[in-house]
Amino acid sequence: MAVRFPTRVTLAIAQSVAAAFIASFLALRVARALDMPEIAAWALAMLATVPVILWSARSVSRRLSLTLTGIDDGLRAFRDGDFSMRLAAPDVATGFSRSAPDDLSDLKHLYNTVADILRAQRNEVYQKELLLDTILQRTPVAVLLVNAADRVAYSNVAARELFADGARLDGRRFAEIVEGIAQPMAEALGGTGDTIVTVPGGDQDETFHVSQRLFRLNTQEHRLLLVERLTAELRRQEVSVWKKAIRVINHEINNTVAPISSLFHSARLAQASDDHRHKLDDIYETIDERLAFLRAFLESYAQFARLPAPRREPTPWQAILDDVRALYEFRIEGNPRTEAFVDRAQIQQVLINLVKNAHESGSDPAQIVVAIQRKPGSSIVRVSDAGRGMTEDVLRQALVPFFSTKPGGSGVGLALSNEIIEAHGGRMRLAARERGGTVVTLWVPDNAA
C-alpha cells in the first residue's frame, strides 16, 4: 500500500492560504477606504492574516501529531514484543469507522497491516519454538547451549539428569558444571569437535559420543554441546558383531577342513599306489598351507581371549617410539625422554596400530605426529594425522571389535588397543581433528587403577 500525502491536509493548507490572501486583500481595501497610511494598511492586513494562518497550522499540526503519537506508541510496543496495538482508521472498502475519518488513513492502514504480519510471524515462530523445545526435552541426547559469557542458555531434561542429577542448569556457569563431573567427560567437554569418551562407572563403564558446534545467535557466539550415551548401543553392536564373527569363523574353518579331509583321502589313495606315491609331498604341502592359513586367521580373533595382564616396568618413551619408527614414519613432539610405567611390548603394539591406521588414512607421513606429555603420576600420548578422518557413524563404532571400514581389515586394532590401555588403568579417546584427520589420546597412569 503506497502512503500518499493526505489530500485533506493539502486541501486545508490550500484553504488557509486562500483565506489568508482574502483576509489580507479585504484589510487593504478597508484601510484604503478609510484613507489610512500605507504602513497602517499593511499592518492591518497582517493582523487579519496571522490568526487565520495560526488557526490553520494548529489544525494541521494537531491531526499529524495525533497520528504520529499513535504510530510512536505502536512502534514502542513492537520493540517490547507487543503486536496487538491498532490505530483507528476508516474501513478501506466502506469508508466506515467508529472514529471520524482523518487525513492519515493510508498511513494508519499500513501500520495496521504491518502489525498483523508481524503478529502472525511471531505466532508462527512461537509455535515452531514450542515444537522444537518439546522434541529436545524428550530426546535421550543431552543438549546444552552455552553463551559467550560461559553460561548455560538452554538445557534439556537429559542434560540435567546427566550433569546435575535433575537440578536446574540454565543460567549457571559452564565451568562450574564441568568441575563437578568425571575427569574424562570434563576433558571431552573442554575440547572441540566430535569425540568418544569412556567414563568409569559403578557396575560398568559408560561410553558417550560428544559433539560440539560453534555458531552465532543474536550476533553472539554460542556453543552447542550434544552428549549421547552409547553404552547400550555399543553392547547391541558387539553382540551383532560377535554373531557375525562366529559365522565368519565357522565359514573359514569349514573352507579349510573340507579341503583337508579331501586331501587326506587323496593321500591314502596315493599311499596305497606306487604310481601315485610321488604326489604325497604336494598333498602334505597343501595341507600344511591350509592349516597355516587357518592358524593365522584364528590368531587374530584369539588375541582378545588371551590378552595377558600387563607386566609393567619403568620404560623410556623414546625406546618405545624408536621401535615403532623402525616400521612407520612419523614425527615426535613433546618430551619423549621421560619414563612410563608400562608393559613395553603391549604399549608398542598400541602405537603400531595407531600409527599404521594414520598411514592407511591417506595422511602425509610428515603430518603424522606422536606427542608425549608428562604429568604428575601419568603420561598423555596423542597420535594425530591429517588423513580422511572418521564420520560420526564410524566414530561411534570405532571401538567395537571386528568393525572395520577398510577392505580386508580385521577390525581388531583399535579395539585391542583400547583393551590394552584399559588393562593399564588408563583410557583412550578418539576425536575428529579440527583441520581434518583424527586424534587419538591415550592417558596412561603410573599405577593401575
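Is Glu289 buried, partly exposed or exposed? Glu289 counts as partly exposed, because its relative accessibility is 49%. (Buried means under 20% relative accessible area, exposed over 50%, and partly exposed in between, with a 1.4 Å probe and protein chains only.)

A quick note before the close-ups: this is a predicted model, where local features need pLDDT of at least 70, side-chain atom pairs count only at pLDDT 80 or more, and totals for chains, interfaces and linings use all residues. Residues are numbered from 1 along each chain as its sequence is written, and side-chain values use heavy atoms, with hydrogens and water left out.

**View 1. A patch of negative charge on the surface takes in Glu289.** Glu289 sits in helix α8, residues 280–302. Helices here are DSSP runs of H or I with at least four residues, strands are runs of E with at least two, and both are numbered from the N terminus. Gathered with Glu289 in the patch are Asp281, Asp282, Glu285 and Asp288. Patch members have over 30% relative accessible area and no salt bridge; like charges are joined within 9 Å, and nonpolar side chains (Val, Leu, Ile, Met, Phe, Trp, Tyr) within 5 Å. A salt bridge would be a side-chain nitrogen of Lys or Arg within 4 Å of a carboxyl oxygen of Asp or Glu.

**View 2. Leu298 belongs to a nonpolar surface patch.** Helix α8 also holds Leu298, which is partly exposed because its relative accessible area is 31%. Together with Ile253 and Val257, Leu298 makes a patch of about 200 Å².

View 3. Gln271 is part of helix α7, residues 231–272. With 41% relative accessibility, Gln271 counts as partly exposed.

**View 4. Gln346 is a buried residue of helix α10.** The helix spans residues 344–360, and Gln346 counts as buried because its relative accessibility is 8%. Leaving out neighbours within four places in sequence, Gln346 meets Leu307, Pro308, Ala309, Pro310, Ile420 and His424.

**View 5. Helix α4 has its buried residues covered by elements including α6.** Ala158, Ala159, Phe163 and Ala164 are the buried residues of α4, which runs over residues 157–164. Their cover also includes β1, β2, α5 and β5. In α6, the buried residues are Pro184, Met185, Ala186, Ala188 and Leu189, and they pack against elements including α4, β3, β4 and β11.

Conventions: Accessible areas come from the Shrake-Rupley method with a 1.4 Å probe; for residues, only the protein chains shown count as cover. Lys and Arg count as positive and Asp and Glu as negative; His and the chain ends are not counted. The place of a charge is taken as NZ of Lys, CZ of Arg, CG of Asp or CD of Glu. Contact means heavy atoms within 4.5 Å.
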